[in-house]
Amino acid sequence: METNFFVKSHGLGNEYIVFDSENINFSLTSKSIQRICNVNFGIGSDGLLLKVPSNNADFGLQIYNPDGSEAEKSGNGLRIFCKFLYDYRFATSKVFTVETKGGLVNVEIVEEKNGKARVIKIDMGKAEFTSRLIPVLHSQEECIDEPLEIADKIYQINCVSMGNPHCVIVKEHLDITEIKKYGPLLENNPKFPNRINVQFARPINREEVEVLIWERGAGFTLASGSSSCAVAAVMVKRGFTGKNVTIKMPGGELKIEVDEQWHIRMTGEVRQIAEGVLSPELLEDFIH
Ligand SMILES: N[C@H](CCC[C@H](N)C(=O)O)C(=O)O
């Protein structure tokens, strides 16, 4: 592969750019990540994935938001990364492990098309409801169905970690204008020391939930895998759905399975958009 080779793929319209740390000649800093993810001055993306060595798993993954912040977990990012590993023959089997900042995950290529991975299943780890482990500043052990005043509204929030932090709000009616207005206020509220991902979720029936997402460090996205897992965990905990849930987002849907130990498994499609090489002119300010 040429130096600074990249692949851009999407999981339900939530896109990422993938690099191999052993094949880039620039420093990944907040500035270079912001530049690459910027749609006008760079390639444009909802985030950046970096393949790194791991002593604890078959592969290591670092996940970055377009604002330059690092995320502990990304469901769409993990499916996109696994497709990259399989399609470019880093992975020689259809089952392997990936180490992320938010823990080690088990992955399986469940469907392929023309020798390329297409549908991937990820065990995203356990949903964690303990306030201090999310983290959320809250007086009780868990923060479930608790009021939080945001500007002129009071939301009932349900907080859970999938390795990365989530604030799920159950609503009877979903409004994109509302989540784009209040999402950033929730994301950056001081109740959340590491900021937080926000979901507005409307249970359709006991098997299906409609969701809108405002992502920490990325804003409104068409889909989010870790958000889908967080919503499913809250829906099961609150008794709105059974343990097998379809999460319906603007970009498409994900199948989520919640087991007895709160292990969450996510299955969904990934598509490659393009492959290429960053131009030196894009990176001349960042070449080390
Ligand atoms: N913005 C998220 C990471 C990406 C999550 C999302 N794209 C997914 O598919 O899980 C965070 O800062 O925790």
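This is a tour of a predicted model, one selection at a time.

**The two domains**

Begin by colouring residues 5–123 together with 270–283 as domain 1, and residues 131–261 as domain 2. Taken over C-alpha atoms, the centres of the two domains lie 24 Å apart. Where they meet, domain 1 contributes 21 residues and domain 2 contributes 17 residues to the contact. On the domain 1 side, α2 gives the largest share, 4 residues. By class, that side of domain 1 holds 4 nonpolar, 12 polar and 5 charged residues.

**Helix α2**

Next, select residues 75–87, which form helix α2. The helix has 13 residues and spans 18 Å from its first C-alpha to its last, close to the 18 Å expected at 1.5 Å a residue. Is α2 enclosed by the rest of the structure or open? Here 13 of the 13 residues are buried, so the helix is largely enclosed by the rest of the structure. Step just past the end of α2 to Arg 89, where phi is positive at about 60°.

**The shell around the ligand**

Now select the 19 residues around the ligand, and pick out Ala 71, Asn 76, Asn 164, Gly 225 and Ser 226, which come nearest. Both α2 and α4 (225–237) supply at least two residues each to this shell. The shell also draws on both domains, with at least three residues from each of domain 1 and domain 2. By class, 2 of its residues are nonpolar, 15 are polar and 2 are charged.

Two of them are worth a separate stop.

Asn 14 sits in strand β2, which covers residues 14–20. Asn 14 counts as buried because 28 C-beta neighbours lie inside 10 Å. Show its contacts, leaving aside neighbours within four places in sequence: Asp 46, Asn 76, Thr 221, Leu 222, Ala 223, Ser 224 and Gly 251.

Asn 197 belongs to strand β12. With 26 C-beta neighbours inside 10 Å, Asn 197 is also classed as buried. Beyond four places in sequence, Asn 197 is in contact with Asn 164, Pro 165, His 166, Glu 215, Arg 216, Ser 224 and Ser 227.

Is Ser 224 buried or exposed? It is buried, with 31 other C-beta atoms within 10 Å. Not counting residues up to four places away in sequence, Ser 224 touches Asn 14, Gly 75, Asn 76, Asn 197, Ile 213 and Glu 215. For a sense of scale, draw a line from Ser 224 to Lys 31: the two are 193 residues apart in sequence and 24 Å apart in space, C-alpha to C-alpha.

Then move to Glu 207, in the loop between β12 and β13 (208–215). Glu 207 is exposed, with 11 other C-beta atoms within 10 Å. Its contacts, not counting residues up to four places away in sequence, are Thr 241, Gly 242, Asn 244, Val 245 and Thr 246.

**Backbone details**

Finish with the backbone. Most residues other than glycine have a negative phi, and most peptide bonds are trans.

Select Asn 4, in the segment before β1 (5–11). Asn 4 is not a glycine, yet its phi is positive at about 70°. With 19 C-beta neighbours inside 10 Å, Asn 4 counts as partly exposed.

Go on to Arg 195, in the loop between α3 (176–187) and β12 (197–203). Arg 195 is likewise not a glycine and has a positive phi, about 65°. Arg 195 is buried, with 20 other C-beta atoms within 10 Å. The cut-off for buried is 20 or more.

Where is the last stop? It is Pro 135, in the loop between β8 (116–126) and β9 (144–150). A cis peptide bond joins Ile 134 to Pro 135, with omega about -5°.

Notes. Residues numbered from 1 in each chain as written. Predicted model: local features only at pLDDT ≥ 70, side-chain atom pairs only at ≥ 80, totals over all residues. Buried ≥ 20, exposed ≤ 12 C-beta atoms within 10 Å, placed from the backbone. Contact = placed C-beta atoms within 7 Å. Expected span 1.5 Å × (residues − 1). Domains from an automatic or database assignment. Nonpolar A, V, L, I, M, F, W, Y, C, P; charged D, E, K, R; others polar. Near = placed C-beta within 6 Å.
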